[in-house]
Amino acid sequence: MLQFFKIRTLNYFKVDTKDYSISVNGDTAHMKVTHIVTAKVYGISGSWTMSGENTYKKRGGIWVRIK
């Protein structure tokens with residue numbers, strides 16, 4: 001079974017943004033995003049939902065990701 005995973009690859013074909021939100025409070029911003037990823041993973045094609053969150057701080061006029 002391990003050999004099956006060694007010879008397979010990950011092919012990403014498309015990433016679509018499904019939803020996002022950004023809230024800003026002073027020099028801190030919080031972003032949430034949901035993407036739909038279309039890919040072929042270890043020989044299996046499909047679409048998967050991937051979500052993420054990031055926090056940014058404004059430093060010297062530039063937004064920097066801190067978390």
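This report describes the fold, strand pairing and selected residues of a predicted protein model.

## Basis and confidence

Residues are numbered from 1 along each chain as its sequence is written, and side-chain values use heavy atoms, with hydrogens and water left out. In this predicted model, local features need pLDDT of at least 70 and side-chain atom pairs count only at pLDDT 80 or more, while totals for chains, interfaces and linings use all residues.

The mean pLDDT (the predictor's confidence in each residue, from 0 to 100) is 89 for the protein, with 88% of its residues at 70 or more. Confidence is lowest in helix α1, residues 2-7, where the mean is 55. Strand β4, residues 62-65, has the highest confidence, at 96. Where pLDDT is low, the predicted coordinates should not be read in detail.

## Overall composition

The protein has one helix and four strands, in the sequence pattern α-β-β-β-β. Helices (H or I, at least four residues) and strands (E, at least two) are DSSP runs, numbered from the N terminus.

Of the 67 residues, 10% count as buried. Buried means under 20% relative accessible area, exposed means over 50%, and partly exposed lies in between (1.4 Å probe, protein chains only). The accessible surface comes to about 5500 Å², and carbon and sulfur atoms account for 54% of that area. Accessible areas come from the Shrake-Rupley method with a 1.4 Å probe; for residues, only the protein chains shown count as cover. Contact means heavy atoms within 4.5 Å. Among contacts between residues at least 6 apart in sequence, 34% join residues at least 24 apart.

## The sheet

The four strands form an open sheet in the order β1-β2-β3-β4, with antiparallel pairing. β1 and β4 are the edge strands, each with a single partner strand, so one side of each has no neighbour in the sheet. From one strand to the next, the twist averages 30°; axes are lines fitted to C-alpha atoms, for helices over the stretch in contact, and angles run from 0 to 180 degrees between N-to-C directions. Two strands pair if DSSP finds at least two bridges between them.

## Pairing of β1 with β2

β1 pairs with strand β2, residues 28-41, in the antiparallel sense over 14 bridges. The bridge partner of V15 is V37 in β2. S23 has H30 as its bridge partner, and N25 has T28. Two residues separate β1 and β2 in their hairpin, and G26 in the turn has a positive phi of about 65°.

## Pairing of β2 with β3

β2 and strand β3, residues 44-59, run antiparallel and are joined by 14 bridges. One of the pairs sets K40 against S45 in β3. The hairpin of β2 and β3 also has two residues between the strands, and Y42 takes a positive phi near 50° there.

Most residues other than glycine have a negative phi, and most peptide bonds are trans. Y42 is not a glycine, yet its phi is positive. Y42 lies in the loop between β2 and β3 and is partly exposed, at a relative accessible area of 31%.

T34 is placed in strand β2 and counts as buried, at 17% relative accessibility. Leaving out residues up to four places away in sequence, T34 touches D16, T17, K18, D19, T49, M50 and S51. The side chains of T34 and S51 are joined by a polar contact of 3.4 Å. A polar contact is a pair of N or O atoms within 3.5 Å; within protein, one must be able to donate a hydrogen and the other to accept it, and residues adjacent in sequence count only if both atoms are side-chain atoms.

S45, in strand β3, is exposed, with a relative accessible area of 55%. S45 touches A39 and K40, not counting residues up to four places away in sequence. The C-alpha atoms of S45 and Y12 are separated by 9.7 Å, and these residues are 33 residues apart along the chain.
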